[in-house]
Amino acid sequence: DFKKAIKDFSQALQMQSDLAEAYYHRGNARGARGDIPGAIRDYDEALRIKPGYAAAYNHRGIEYYNQGNFKEAISNFNQALRIEPNFADAYINRGLTHSTWGNISDAIANFMQAIHLDPDIEASYYHLAKALERNEENKAALSNYQKYLYFSKGVQYGNQESAKEAIQQLRKKIK
């Protein structure tokens, strides 16, 4: 219940206005409700209070991505990675931004780094496979779709059917 969460975090901030985590979590709830400007304002406040808050940079980057402001999104992901160089999710998000922006080789490098840092994040394999497929690296794409399905087995993340269809298409191309 994101609406209730926003209310609760707002009440906490009325009692103590310097809680970076409360701004961060309220920003997450606002972002989940589609209030991108509100989410960004909350991340700004969290970062004003706690300038080294990598997760706030990462999530602010996601909101800039959602706005279509890819340059600002990349800047935020870069800042998160300067603070926390092993932040696999920031690599995934930066990779998605590069992919959307058309920088496929940069996207691939980011997804591969995310896998290197945390091979258990199944989304990395899916997004890497999509980027490799766009780059016409069909065998590597097929392999990563298969890894994605293996790691996400039994858990619904929404991309299983898409991955299965891509595998069928790639098998036809590779033959």
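Modeller: Contact here means heavy atoms within 4.5 Å, and with that in mind we can read this model, which is a predicted one.

Colleague: Which residues does Y24 touch, not counting residues up to four places away in sequence?

Modeller: Leaving out those sequence neighbours, Y24 touches Y43, A46, Y53, A55, A56 and H59. Y24 also belongs to the largest nonpolar core, a set of 42 residues in which Y24, A46, Y53 and Y145 have the most contacts.

Colleague: How should I read D42, and is its place buried or exposed?

Modeller: A residue counts as buried when its relative accessible area is under 20%, and D42, with a value of 2%, is therefore buried. D42 sits in helix α3, which runs over residues 36-49, and, not counting residues up to four places away in sequence, D42 touches Y23, R26, G27 and R30.

Colleague: Which residues of α10 are buried, and where do they fall when seen down the axis?

Modeller: Q160, A163, A166, I167 and L170 are buried in α10; seen down the helix axis, these buried residues fall within an arc of 115 degrees, so they line one face. Their cover includes α8 (122-134) and α9 (138-151), whereas the face turned away from the buried side carries the exposed residues E161 and K172.

Definitions and conventions:
Residues numbered from 1 in each chain as written. Predicted model: local features only at pLDDT ≥ 70, side-chain atom pairs only at ≥ 80, totals over all residues. Heavy atoms only, no water. Buried < 20%, exposed > 50% of the residue type's maximum accessible area, 1.4 Å probe, protein only. Helix = DSSP H or I, 4+ residues; strand = E, 2+ residues; numbered from the N terminus. Arc of directions from axis to C-beta. Core = buried A, V, L, I, M, F, W, Y, C linked by side-chain atoms within 4.5 Å.
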